[in-house]
Amino acid sequence: MPGLPGPRPDPTTEGYWLAAGRGELVIQRCTACGVHRHPPTQVCYSCGALDWEWAPHPGNGTVYSYTWVERPIHPGLAALGAYNTTVVELDDTNGVVRILARVTDVERADLVVGLPVEVHFDPAGDEIALPVFRPRRARA
Ligand SMILES: [Zn+2]
């Protein structure tokens, strides 16, 4: 989003942001026990292993929690007007991966807990992007 400072990737998070910049959602997964985790960390909080990989994820999830922000916390967000900050629980991660993001293309009355959503990406620099979500449309 123009005017809004982007993330500052570090060696642990860089793969996440770069994948988003390519239009892909990846989630850290422990190669010892297979548990997904987010946000990225060096150590598996399930088994303590240090080895991990980026696992591609199709980006479907459901709204776990949300709030609407009436006063932007940064001038770069002012153009949005009221915006939501939402916790999205990703499908097929045993309920352990919840991403703090924004749901776009949604009216206030339609953003509810349990709403099925899908990822898309908001560019945040030359190579990186922020995963954001929008309501998942029923497909014929
Ligand atoms: Zn593990």
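This is a predicted model: local features need pLDDT of at least 70, side-chain atom pairs count only at pLDDT 80 or more; totals for chains, interfaces and linings use all residues.
**Group meeting: a zinc site and its neighbouring strands**

Residues are numbered from 1 along each chain as its sequence is written, and side-chain values use heavy atoms, with hydrogens and water left out.

So, which residues hold the zinc ion as protein donors? They are Cys30, Cys33, Cys44 and Cys47, each through SG, at 2.3 to 2.4 Å. Donors are N, O and S atoms within 2.8 Å of the metal (3.2 Å for Na, K and Ca); water is not among the atoms, so sites may look incomplete. Along the chain, the donor spacing reads C-x2-C-x10-C-x2-C. Cys33 sits in the loop between strand 1 (25-30) and strand 2 (36-37), while Cys47, 14 residues apart from it, sits in the loop between strand 2 and strand 3 (52-57). Strands are DSSP runs of E, at least two residues, numbered from the N terminus. Cys47 is also partly exposed, at 41%.

Now the pairing, which requires at least two DSSP bridges between two strands. Strand 4 (residues 60-69) and strand 5 (residues 83-90) are antiparallel over 8 bridges, with Trp68 opposite Asn84. Strand 5 also runs antiparallel to strand 6 (residues 98-101), through 4 bridges, and there Val87 faces Leu100.

Technical notes. Buried means under 20% relative accessible area, exposed over 50%, partly exposed in between (1.4 Å probe, protein chains only).
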